[in-house]
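Student: I would like to learn how to read the packing of helices in a model. Could you take me through an example?

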Amino acid sequence: MTTVDPEGYLAEETTGIQYPNYFISSTHMDNDTVYEVLETLWENHEQLHDIHPWLSTWEPEQMFDENPEIPYHEGAIEFFEDQGIWTEEAQEAQDELTGD
């Protein structure tokens, strides 16, 4: 749950449902492309704020979930390792999801 500020048709502060969005790619997509997409979003996140109200509070730290529902692409793992946020717990979750 999240608090939604008055905007548009909302006249007052309202409680709403917040849920994650996932970028999904094929295992056939090369690692460099996935890495570049994540890097671009990470470095330019502030430019997304004006595009849509849902993106107005979006921050790079929200891109990483240590216990995801679906496995990460290898290019994403490399990106998160380079950011210093990939953890042993994330690797354990990844291994469980992929059956490794």
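**Reading a helix pair**

Tutor: In α1, the residues N31, V34, Y35, L38, E39 and W42 meet E74, G75, A76, E78, F79, F80 and D82 of α3. Sorted by class, this contact of α1 with α3 has seven nonpolar, two polar and four charged residues. Keep in mind that the model is predicted.

Student: How is the geometry of such a pair described?

Tutor: Two packed helices are described by the angle between their axes and the distance between the axes. Here the axes of α1 (residues 31-43) and α3 (residues 74-82) come within 7 Å, and they cross at roughly 45°.

Student: Why are α1 and α3 called oblique to each other?

Tutor: The crossing angle of α1 and α3 is roughly 45°. Angles under 35 degrees count as roughly parallel and 65 to 115 as roughly perpendicular, so this value falls in the oblique class. α1 and α3 are therefore oblique to each other.

Student: What is the handedness of the crossing of α1 and α3?

Tutor: The crossing in which α1 passes α3 is right-handed.

Student: Let us take single residues. Where does Y35 lie, and what does Y35 touch?

Tutor: Y35 lies in helix α1. Not counting residues up to four places away in sequence, Y35 touches G75, E78, F79 and D82. For Y35 and E74, the separation is 39 residues in sequence and 8.8 Å in space, C-alpha to C-alpha.

Student: Is Y35 buried or exposed?

Tutor: Y35 has a relative accessible area of 17%. Buried means under 20%, so Y35 is buried.

Student: And on the other helix, which residues does F79 touch?

Tutor: F79 is found in helix α3. With residues up to four places away in sequence not counted, F79 touches Y35, L38, E39, W42 and M63. The relative accessible area of F79 is 1%, and F79 is buried.

Student: Which residues of α3 are buried, and what covers them?

Tutor: G75, A76, I77, F79 and F80 are buried in α3. The cover over the buried residues of α3 includes α1 and α4 (88-98). After α3 comes G84, whose phi is positive, near 80°.

Student: How should I read the nonpolar core?

Tutor: In soluble globular proteins, nonpolar side chains tend to be buried together. The largest nonpolar core here has 16 residues, and L38, M63, Y72, F79, F80 and W86 touch the most other members. The elements giving two or more residues to this core are α1 and α3. The most comes from α1, with five residues.

Student: What does W86 touch?

Tutor: Not counting residues up to four places away in sequence, W86 touches F64, Y72, I77, F80, E81, Q91 and Q94. W86 and F80 are both among the core residues that touch the most other members.

Student: Now a strand. Is T15 buried or exposed?

Tutor: T15 lies in strand β2. Its relative accessibility is 56%, and exposed means over 50%, so T15 counts as exposed. Leaving aside neighbours within four places in sequence, T15 is in contact with M1 and T2. T15 and V4 are 11 residues apart in sequence, and 6.0 Å apart in space, C-alpha to C-alpha.

Student: Where is Q18, and with which residues is Q18 in contact?

Tutor: Q18 has its place in the loop between β2 (14-16) and α1. Once neighbours within four places in sequence are left aside, Q18 is in contact with M1 and T2. Q18 and L55 are 37 residues apart along the chain, with their C-alpha atoms separated by 12 Å.

Technical notes: Residues are numbered from 1 along each chain as its sequence is written. This is a predicted model: local features need pLDDT of at least 70, side-chain atom pairs count only at pLDDT 80 or more; totals for chains, interfaces and linings use all residues. Side-chain values use heavy atoms; hydrogens and water are left out. Helices (H or I, at least four residues) and strands (E, at least two) are DSSP runs, numbered from the N terminus. Buried means under 20% relative accessible area, exposed over 50%, partly exposed in between (1.4 Å probe, protein chains only). Contact means heavy atoms within 4.5 Å. Axes are lines fitted to C-alpha atoms, for helices over the stretch in contact, and angles run from 0 to 180 degrees between N-to-C directions. Angles under 35 degrees count as roughly parallel, over 145 as roughly antiparallel, 65 to 115 as roughly perpendicular and the rest as oblique. A crossing is left-handed if the near helix is turned anticlockwise from the far one by less than a right angle, and right-handed if clockwise. Ala, Val, Leu, Ile, Met, Phe, Trp, Tyr, Cys and Pro count as nonpolar, Asp, Glu, Lys and Arg as charged, and the others, Gly among them, as polar. A nonpolar core is a set of buried Ala, Val, Leu, Ile, Met, Phe, Trp, Tyr and Cys residues joined through side-chain atoms within 4.5 Å.
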